[in-house]
Amino acid sequence: MPPPKMPNRDRIVDMLKVRSSHLKKGEPVSPPIISAAKYFLPGEPDTPYVYGRYANPTIEAAEAAIACLEGAPVVAFPSGMAAITAALAAATKAGDRILIPSDGYYNVRALLDEFLADRGLTVDLIATKDVSNADVSAYDLVWLETPSNPGLNTCDIEAVAKRVKATGGLLIVDNTTLTPLLQDPLSLGADITVCADTKAMSGHADVLFGHLATKDEALFERAQSWRRLSGSIAGPWEAFLVHRGLMTLELRLGRMCSNAVALQAAIDVGRSPLQSLTYPGIGFVMGLTFDTAGTAERFIDTCPLLLPATSFGGVHSSAERRARWGDDVSEGYVRLSVGCEPEDVFIEAILQALHDL
Ligand SMILES: *Cc1c(COP(=O)(O)O)cnc(C)c1O
């Protein structure tokens, strides 16, 4: 099996070295968990560390590692949704028209609908598969998520970026399903990229975290200011866990992606109980469509390897039927998050469960 496509793999080396390159003799190699609201601050407040809501060294260690992967400055947040909220706060003003995916992460639509649409933002929806060729000239902000969660539809970030730029708009890309190792929205023309580090970035399903990255200084400062003023600051323990998870990101993603490619090759859809198998050709999330909700649930229940859980990107393979949340996918659609199990064990378990249905 050839190594999985990982366009930005070199950045992992920068990330692995970023902390040690600043260490003094005798300092811990892992970042200390600094749990502090107050810092010792006599006289003028001429240090970055004045109060816990402003800055924290453990969060900065996680940000420095993620910044290597993004190739851009990073602001960390206590969840993916907190990063998304910050990106929207930094990039929008009253009167703006926003175009968002109709088939992307549901909570983004709900956030705009419940809290922002009635504060002077006009929000339109478009299917991810239609946005690459759409006329976006009327929009101040275009939001993409590709591959989209949960349906795994894709679009051409670079093509959309060119058109958005031509009419002076901003482009934000939610890169959670691929991570910056597999797709680099900033180099494709996005102004901001956001990512739920809760998923593959931290990778162990034990922490909520998120970040945004941007090369635009004004947007970066606004995002930092939003964090300070809204109080959307992560905890040091969470930042430590994310930092620790990131150290094995390339290893985990490599296994997850090669397991996904191997599973696609191993399943003969025509001779299986599946109606279809959706795999964008990159990443570790796959869609398995069964004829009914019952068959889909039976598949999840009978496969001993699959963790029945929401979320994705963890070391365990997990699966869920997304229509149970009301997502606009068929009743028998299962989102499969391919994990780090040994390839032969993983393939055998899935094929056996399909056979036993
Ligand atoms: C999970 C997810 C989020 C939200 O992340 P949280 O850490 O749960 O807030 C945002 N976007 C996408 C695409 C996601 O999958």
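Visitor: Okay, where does Ser311 lie?
Guide: Ser311 lies in the loop between β10 (307–308) and β11 (318–321); strands are DSSP runs of E, at least two residues, and helices are runs of H or I, at least four, numbered from the N terminus. By the way, this is a predicted model: local features need pLDDT of at least 70, side-chain atom pairs count only at pLDDT 80 or more, and totals for chains, interfaces and linings use all residues. Residues are numbered from 1 along each chain as its sequence is written, and side-chain values use heavy atoms, leaving out hydrogens and water.

Visitor: What's up with the phi of Ser311?
Guide: Ser311 has a positive phi of about 75 degrees, although it is not a glycine. Most residues other than glycine have a negative phi.

Visitor: Is Ala205 buried or exposed?
Guide: Ala205 counts as exposed, at 65% relative accessibility. Buried means under 20% relative accessible area, exposed over 50%, and partly exposed in between (1.4 Å probe, protein chains only).

Visitor: New topic: what kind of peptide bond joins Asn149 and Pro150?
Guide: A cis one, with omega about 10 degrees. Pro150 lies in the loop between β4 and α6. The peptide bond from Thr146 to Pro147 is cis too, with omega near -5 degrees.
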